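Me: I have just opened this model and would like someone to walk me through it slowly. Could we go piece by piece?

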Amino acid sequence: MPVDAGTTSHQPDQLIVDLLHLEAVERMLDDFGIVHAALAPDDRDELLGLARLRDLRDADDDPVEVGELLALLREKAAADRGGWVPTIGKNRVVDAVIGDGHKPMSLPDGAVQESGHKPMHLVSGGFSALGHKPMSPGALGVLGHKPMNGGQPEPAGPADLPQPVAGHEDAGRGVRVGVVDTPLAPARPGTAEHPLPYRSGHSAFVRSLIQREAPAAELSVEGVLDARTGRADSWDTARAMLRLTDAFQPDILNLSLGCFTLSGGPPLVIARAIERLAPRVLVVAAAGNHGALPYLSSGRSRRSACWPAAVPPVVAVGAYGTADGRPVMPGWSPDLPWVTCLAPGVGVVGAYLTGEVDIDGVHQTFQGHARWSGTSFSAALVSGAVAARTIPGSVTPRQALDKLLAEAGEVRPYPLED
């Protein structure tokens with residue numbers, strides 16, 4: 001269902017229930033005098049084994065906050081059934097992992113701070129094979145925060161792209177990479193009267209980075225995140241993940257998105273989706289851009305796990321930049337034990353929108369390319385690099401990942417070695 005822009009962490013009037021426990025939960029809701037909308041076909045998913053109860057209301061027809069209801073249901077179930085509680089949870093909000101949170105700052109030469117990053121320095125002014133490039137001073141955002149100045153995409157041109165690697169044209173042949181993200185933006189350019197929302201270019205940017213690493217791989221994008229807000233709820237996101245996997249049969253699934261929970265555990269719907277997917281596909285996910293948060297904010301802190309990245313066996317990808325020729329993690333990339341690896345994520349250049357683009361009320365003109373930062377793009381580069389090393393029938397994506405990490409080249413195991 002649509003999710004408004006802002007800091008909402010979940011759909012407040014919706015409850016997720018395991019299908020095996022649905023009847024017991026319905027009886028308890030009746031005991032509390034709580035009703036919900038009739039189950040529609042989209043409210044029941046046999047692949048997930050879950051149901052979504054919408055429009056929860058009490059006996060006075062007032063909306064019921066699901067957080068309070070969860071506590072009541074668990075307490076009643078435990079008291080009535082000898083400690084047993086049903087599998088229930090919130091319908092969490094999922095965001096595209098893009099940079100929109102920190103203001104630009106001026107830093108001393110070579111410095112990297114928790115709340116910002118310095119432009120990357122590359123040896124001899126060159127570009128890496130993965131295509132990152134120095135960017136102007138600025139810092140990247142906090143996943144799901146209200147945007148501030150800075151952290152949004154900046155215009156770039158074809159000359160900013162890295163040169164194709166010779167003999168790399170067949171990399172990824174026979175490999176399928178699925179992407180769950182924003183819908184691919186229309187080909188029409190934005191105009192002053194009808195500018196394109198900047199988040200609508202997220203999927204095209206992600207796709208271009210995967211294709212840069214694995215030009216011959218087959219890609220399919222499942223659009224679920226709203227093009228304007230970059231948000232969706234976990235129910236729709238999980239169903240999109242399974243829908244794409246069933247229809248496209250990818251070898252690798254790229255998820256440059258994420259959500260958080262105050263409880264510290266993964267959302268029920270996201271965990272269930274990964275459980276269903278893990279035996280079939282290598283899942284690569286962005287680790288989030290929240291590493292520089294000084295305090296708890298909007299349900300997350302710098303120590304928070306980002307889901308699904310932190311769900312085993314998902315490949316959780318953080319970002320690094322370069323200072324004085326050395327790889328350095330920017331403060332906004334989580335420095336947490338569940339991170340699997342790191343890839344360039346500062347000032348990455350990729351395909352983007354054309355024409356007038358609305359960046360939080362400010363119009364800017366793009367010519368089909370942008371420079372952007374965030375673990376979304378680090379994850380895309382890892383997905384592409386794994387696809388490039390996967391050989392159908394010979395080298396599995398998991399084996400390709402192990403090879404990639406052993407190389408310790410552009411993609412590096414976490415943590416960075418001194």
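What follows is a conversation that starts with the whole chain and then turns to individual parts.

Me: How many helices and strands does the protein have?
Reply: This is a predicted model, and in it the protein has 7 helices and 18 strands. Of its 418 residues, 56% count as buried.

Me: And what about the surface, how much of it belongs to carbon and sulfur atoms?
Reply: The accessible surface of the protein comes to about 16,800 Å², and carbon and sulfur atoms account for 51% of that.

Me: What share of the contacts join residues at least 24 apart?
Reply: If you take the contacts between residues at least 6 apart in sequence, 77% of them join residues at least 24 apart.

Me: Now the annotations. Which residues does UniProt list for "active site"?
Reply: The UniProt entry, which is unreviewed, lists D181, H202 and S376 under "active site". They span 196 residues in sequence, yet no two of their C-alpha atoms are more than 10.2 Å apart, so they gather at one spot.

Me: Let's take D181, where is it found, and is it buried or exposed?
Reply: D181 is found in strand β6, which covers residues 176-181. Its relative accessibility is 0%, so D181 counts as buried.

Me: What does D181 touch, leaving out residues up to four places away in sequence?
Reply: With those set aside, D181 touches H202, S203, V206, E222, G223, V224, L225 and S256. One of these, H202, is also listed by UniProt under "active site" in the unreviewed entry.

Me: And S376, where is its place?
Reply: S376 sits in helix α6, residues 375-389, and it counts as buried because its relative accessibility is 0%.

Me: Which helix has an axis that comes within 7 Å of that of α6?
Reply: That is helix α3, residues 202-213, whose axis comes within 7 Å of that of α6 and crosses it at roughly 35 degrees. The crossing of α3 and α6 is right-handed. On the α3 side, the contact is made by H202, F205, V206, L209, I210 and E213, while α6 contributes S376, F377, A380, L381, S383, G384, A385 and A388.

Me: Which strands does α3 lie across?
Reply: Helix α3 lies across β16 and β17, and it runs at about 160 degrees to β16.

Me: OK, so what is the order of the open sheet with those strands?
Reply: The open sheet is formed by 4 strands in the order β5-β17-β16-β7, and the pairing is mixed. Strands β5 (154-155) and β7 stand at the edges, each with a single partner strand, so one side of each is left without a neighbour in the sheet.

Me: Can you go through the pairings, and what joins β5 to β17?
Reply: Starting at β5, 2 bridges join that strand to β17, and the two run antiparallel; P155 has A370 in β17 as its bridge partner. Strand β17, residues 362-372, is in turn joined to β16 by 10 bridges, again in an antiparallel arrangement, and here E356 stands opposite T365 in β17. Finally, 2 bridges join β16 to strand β7, residues 196-197, with these strands running parallel, and P197 finds its bridge partner in D358 of β16.

Me: How many residues are between the strands in the hairpin of β16 and β17?
Reply: There are 2 residues between the strands of that hairpin, and D360 takes a positive phi near 50 degrees there. As for β16 itself, residues 348-359, the strand is mostly covered, with 9 of its 12 residues buried.

Me: Changing topic, where is the place of P183?
Reply: P183 is in the loop between β6 and β7. Its relative accessibility is 35%, so P183 counts as partly exposed.

Me: How far apart are P183 and L225 in space?
Reply: Their C-alpha atoms are 7.1 Å apart, although P183 and L225 are 42 residues apart in sequence. Leaving aside neighbours within four places in sequence, P183 is in contact with S200, S203, G223, V224 and L225.

Me: Last one, what about T237, which helix does it lie in?
Reply: T237 lies in helix α4, residues 234-248, and is buried, with a relative accessible area of 0%. Not counting residues up to four places away in sequence, T237 touches V94, V224, A232 and L257.

Notes: Residues are numbered from 1 along each chain as its sequence is written. This is a predicted model: local features need pLDDT of at least 70, side-chain atom pairs count only at pLDDT 80 or more; totals for chains, interfaces and linings use all residues. Side-chain values use heavy atoms; hydrogens and water are left out. UniProt positions are given in the numbering used here, feature names are shortened, and annotations may be inferred rather than shown by experiment. Buried means under 20% relative accessible area, exposed over 50%, partly exposed in between (1.4 Å probe, protein chains only). Contact means heavy atoms within 4.5 Å. Accessible areas come from the Shrake-Rupley method with a 1.4 Å probe; for residues, only the protein chains shown count as cover. Two strands pair if DSSP finds at least two bridges between them. Axes are lines fitted to C-alpha atoms, for helices over the stretch in contact, and angles run from 0 to 180 degrees between N-to-C directions. A crossing is left-handed if the near helix is turned anticlockwise from the far one by less than a right angle, and right-handed if clockwise.
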